Amino acid sequence: MSGTGQTVLIEIEGLTKRFGAFTAVDNVSFNVSKGEVLGFLGPNGAGKSTTMRMLAGFMIPTAGAARILGHDVQSDGVAARTVLGFLPEGAPTYGEMSVTGFLKFCARIRGYRGSELTDRVAHALGLTRLESVRLQPVETLSKGFKRRVGLAQALLHDPPVLVLDEPTDGLDPNQKHEVRTLIDQMRPEKAIVISTHILEEVDAVCTRAIVIAAGKVVADATPAELHKMAPSGKLDDVFRQLTLEAA
Amino acid sequence: MRQTLIIAGRELSAYFATPVATVFIVIFLVLQGTLTFNMGNFFDRGQADLVPFFNFLPWVFLLLVPAITMRLWAEERRVGTIELLLTLPITQGQAVLGKFLAAWAFCAIALALTFPIVLTVRFLGAPDMGVVATGYLGALLIAGAFLSVGSAMSALTRNQVIAFVLGVAICFLFAAASYPLVTDFLSRNTPSLAEVARSFAIVDRYQAFTRGIIALRDLVFFATFIGFWLFLTTVLVDQRKAD
């Protein structure tokens with residue numbers, strides 16, 4: 001399933017999550033290699049966030065395993081999370097902290113000190129264009145800025161693996177474009193997983209897309225291949241066809 | 001350890017970034033002052049010591065400490081920041097300990113601000129400063145014990161009111177276990193339980209400190225007590241973080 005001859009950075013094997021009798025994620029397996037941007041698509045409640053939470057080591061899977069750079073996210077969690085940049089759903093941040101204060105906290109946790117810490121924070125602020133609001137408390141910012149603070153936190157340590165849960169949600173078209181450009185620039189050196197229900201994002205940034213419905217993978221293909229799955233060639237139709245069948 | 005302290009530092013500054021710190025410290029000082037000077041007959045006793053002050057302290061802590069701890073984990077889960085915190089490269093134990101240390105340091109600050117009472121006693125007479133010092137150590141330990149219970153209750157639920165009520169209730173059980181009302185009742189009905197209750201009587205052990213006695217077994221008790229509840233917190237956080 002992974003790109004041929006490339007370094008596999010994310011491995012997911014038979015990941016399953018049940019909540020009582022409800023199966024949120026059902027035996028999901030895939031790999032992501034360096035240089036890939038994997039779009040994780042699916043209707044609301046399909047299991048996108050649950051899968052990403054398990055990949056980030058936050059949620060304990062009922063069955064299966066996830067590895068980041070070979071580190072099991074459960075048994076070797078700290079090592080796995082060291083090389084991971086994760087943007088949780090809704091980009092939660094500590095509202096009472098200033099943007100810089102929050103990023104410095106994350107940088108300190110990640111072991112940076114002194115001038116290196118200042119440089120890292122400044123670089124992350126630059127990448128996400130947050131310089132103008134850097135001294136404001138996060139809770140006073142607009143939704144788009146908050147999302148970018150979450151993104152800055154994920155990019156801070158220049159991790160080889162990025163897992164971003166709806167990174168462009170709540171951003172205006174210009175900001176969306178900037179984030180997509182940023183993802184595209186980082187792509188060659190990283191394995192990136194983004195979840196989205198905005199289909200235009202697939203064509204814009206993804207090298208591969210997985211469609212998930214009712215917890216199961218229903219398609220794993222390049223954007224071009226996905227387009228061919230519906231007679232109309234439209235992603236909208238492909239998406240509806242795939243996810244309604246499964247539901 | 002470094003990560004634990006970074007978390008503790010962030011947490012502690014969060015108390016002071018909101019009115020929580022001011023409200024807590026003011027109410028604590030007003031309550032302690034009123035109880036010591038008015039209800040404790042501080043002046044009529046004619047003794048230069050802090051007995052009335054230390055007698056009321058566990059009961060004031062009983063009410064106020066769960067108010068600090070109720071937001072510890074419940075708030076992180078409600079806002080969703082727990083997902084951010086626990087996907088940073090730290091262990092859950094470090095997060096639990098860091099948050100606990102912040103709350104403990106906060107209690108220490110509140111306690112330190114009661115210094116005018118000590119100055120008053122020194123001005124009026126010649127108190128045994130050794131006893132005052134062990135009393136404060138005991139106060140810090142009982143605050144730590146209540147904090148560890150409160151932290152577990154906060155990890156149990158995402159509702160802060162429930163966390164507060166459960167925290168007060170459980171701390172009350174341990175605090176009341178020292179009192180004749182409970183011990184007499186138990187020894188009359190279930191003598192075997194009375195022994196158990198007495199060994200967990202947290203206020204008894206605290207009162208030894210206020211009399212100037214530092215016993216190793218009391219120190220071990222407090223360390224074990226806090227360790228147990230923090231371990232329970234870690235287990236609860238792990239189980240319930242993603243609910």
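Q: How are H5(B) and H12(B) oriented to each other?
A: In this predicted model, local features need pLDDT of at least 70 and side-chain atom pairs count only at pLDDT 80 or more, while totals for chains, interfaces and linings use all residues. Residues are numbered from 1 along each chain as its sequence is written, with chains lettered from A and ligands numbered from 1 in the order in which they are written. Helix H5 (residues 92–112) of chain B and helix H12 (residues 216–240) of chain B pack at an angle of about 125° with axes 9 Å apart, the axes being lines fitted to C-alpha atoms over the stretch in contact and the angles running from 0 to 180 degrees between N-to-C directions. Angles under 35 degrees count as roughly parallel, over 145 as roughly antiparallel, 65 to 115 as roughly perpendicular and the rest as oblique, and H5(B) and H12(B) are therefore oblique.

Q: Which residues of H12(B) make the contact with H5(B)?
A: Two residues are in contact if their C-beta atoms, placed from the backbone, lie within 7 Å. H5(B) contributes B:Gln92, B:Gly93, B:Val96, B:Leu97 and B:Phe100, and the partners on H12(B) are B:Leu230, B:Thr233, B:Thr234, B:Val237 and B:Asp238.

Q: How many helices does chain B have?
A: Helices (H or I, at least four residues) and strands (E, at least two) are DSSP runs, numbered from the N terminus. Chain B has zero strands, and its helices number 12.

Q: What share of the residues of chain B count as buried?
A: A residue is buried if 20 or more other C-beta atoms lie within 10 Å of its own, exposed if 12 or fewer, and partly exposed in between, with C-beta atoms placed from the backbone. Of the 243 residues of chain B, the buried share is 42%.

Q: What is the span of the C-alpha trace of chain B along its principal axes?
A: Among contacts in chain B between residues at least 6 apart in sequence, 79% join residues at least 24 apart. Along its principal axes, the C-alpha trace of chain B spans about 55 × 45 × 30 Å.
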